[in-house]
Amino acid sequence: MRDLAEFMNLQLFAGEKTEPATPRHRQRVRQRGQVAVSRELTSALILLASILALTSFSGHAFEQIGRLIEYAFSEPFYGVDLTPAHLREIVPVTLGAYLKTASPIILIIMVTGALTQMVQVGLVFSGEPLSPKLERINPAEGLRRIFSRQSVVECAKALLKVALIGFTAFDMLRKAWARFPELISLNPLESAQLIGQLARTMVLRIGMLLLCLAALDYLYQRWQFERSIMMSVQEVRDEYKEMEGDPTIRSKIRQMQRQMASRRMMQRIPEADVVITNPVHLAVALQYIPDKMNAPQVVAKGAGPLAERIKAIAKEHNVHIVENPPLAQGLYAAVEVGEEIPPALYQAVAEVLALVFRLRRKGPE
């Protein structure tokens, strides 16, 4: 009964999304265009970039506007009928002045928006969000989205923004109210400068406030995104089975395992005491350390081209090579790499090792 209860509990909660998203699931979600992005952060940075751009290029903009006003009172405009010939002369001048005035500001705003998006999500190209879906025109789905928790959160954020912006603007106007009577005694240029300075300060403060709110919104969007892509235990199992069932992945895993095992085996050949060969087909490398091993151990073995590589590495490191076809065949068939030889082969291997140790003590002639 206890096992049945545990099984029922597992079945009950198997569909709940309690597991972090796997890398493969994250990749699929990203390909569908679902990413963690804060539009509030983009809007706040664009607002700040706009104010800084307007402040930086205000002198250039006023210069272009002054030239355009001066041109407007010149001959092509003043006291001359606007004919097609005059329009062909006027339009390029006015359009050029507009581009010179607005293009630096527009470029800064575009670059700021693009960089903000790239920093948040990188480069994402997906046409799925643009594809038509029937649930988007389903009234029931629309009502569910309107009264969802996400909609409530967005409404609360909008109300909070309006309240904070309104309070900030009211506080600045209240503090600057005493300076407004000064506008009567100032000339138009000085009045415009005073109002412009007040407006610039107000927008900068509002922009910094929005930036702080956007940073919190970005953290919330990241948290919300991580929650939305969580997986159930069953989904994780299904994905694992899918990956394990892919013949290409299994083949690559086996190939990597073989390559790693082969590299480890080749690295141990210089430590061997002897390589026993069936001259053409087989090679088995043995190592024996009396104080550490109960019996000689196979450190490498191979057939065909692999046997030739074993013999070549052995010659390169002055490891003795002994031709003994029956013993080589017996070792190759009975012992895996890393295992000690069986007792049945003790006598034959001992004779070979004794010969090798005698040759080693005798040294090169």
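With a relative accessibility of 2%, Thr277 counts as buried, a term that means under 20% relative accessible area, whereas exposed means over 50% and partly exposed lies in between (1.4 Å probe, protein chains only). The model discussed here is predicted, so local features need pLDDT of at least 70 and side-chain atom pairs count only at pLDDT 80 or more, while totals for chains, interfaces and linings use all residues. Residues are numbered from 1 along each chain as its sequence is written, and side-chain values use heavy atoms, with hydrogens and water left out.

Helices (H or I, at least four residues) and strands (E, at least two) are DSSP runs, numbered from the N terminus. Leaving aside residues up to four places away in sequence, Thr277 touches Leu282, Ala283, Lys311, Ile321, Val322, Glu323, Asn324, Pro325 and Ala328; contact here means heavy atoms within 4.5 Å.

Strands of a sheet pair through backbone hydrogen bonds, either parallel or antiparallel. In this model, 4 strands form an open sheet in the order 5-4-3-6, with mixed pairing; two strands pair if DSSP finds at least two bridges between them. Strand 5 and strand 6 (320–323) are the edge strands, each pairing on one side only. From one strand to the next, the twist averages 20 degrees. Angles run from 0 to 180 degrees between N-to-C directions, and axes are lines fitted to C-alpha atoms, for helices over the stretch in contact.

Next comes strand 4 and its partners. Strand 3 (residues 274–278) pairs with strand 4 in the antiparallel sense over 5 bridges, and these two strands form a hairpin with 3 residues between them. Val275 has Ala285 in strand 4 as its bridge partner, while Ile276 stands opposite Val284. Strand 4 is also joined to strand 5 (residues 297–303) by 6 bridges, and strands 4 and 5 run antiparallel. In that pairing, Val284 stands opposite Lys301 in strand 5.

In a regular strand the side chains alternate between the two faces of the sheet. Strand 4 shows two such sets: Leu282, Val284 and Leu286 point one way and Ala283, Ala285 and Gln287 the other way, and all are buried. Because 6 of the 6 residues of strand 4 (residues 282–287) are buried, this strand is largely enclosed by the rest of the structure.

Helix 11 (residues 305–316) lies across strand 3, strand 4, strand 5 and strand 6, and runs at about 130 degrees to strand 5. Helix 12 (residues 325–334) packs on the sheet and touches strand 3, strand 4, strand 5 and strand 6, its direction making about 100 degrees with that of strand 3.

Helix 3 (residues 39–56) and helix 8 (residues 188–228) pack at an angle of about 155 degrees, their axes 8 Å apart. Helix 3 and helix 8 are therefore roughly antiparallel to each other; angles under 35 degrees count as roughly parallel, over 145 as roughly antiparallel, 65 to 115 as roughly perpendicular and the rest as oblique. Residues of helix 3 in this contact include Leu41, Ala44 and Leu48, and those of helix 8 include Val203, Leu204 and Leu211.
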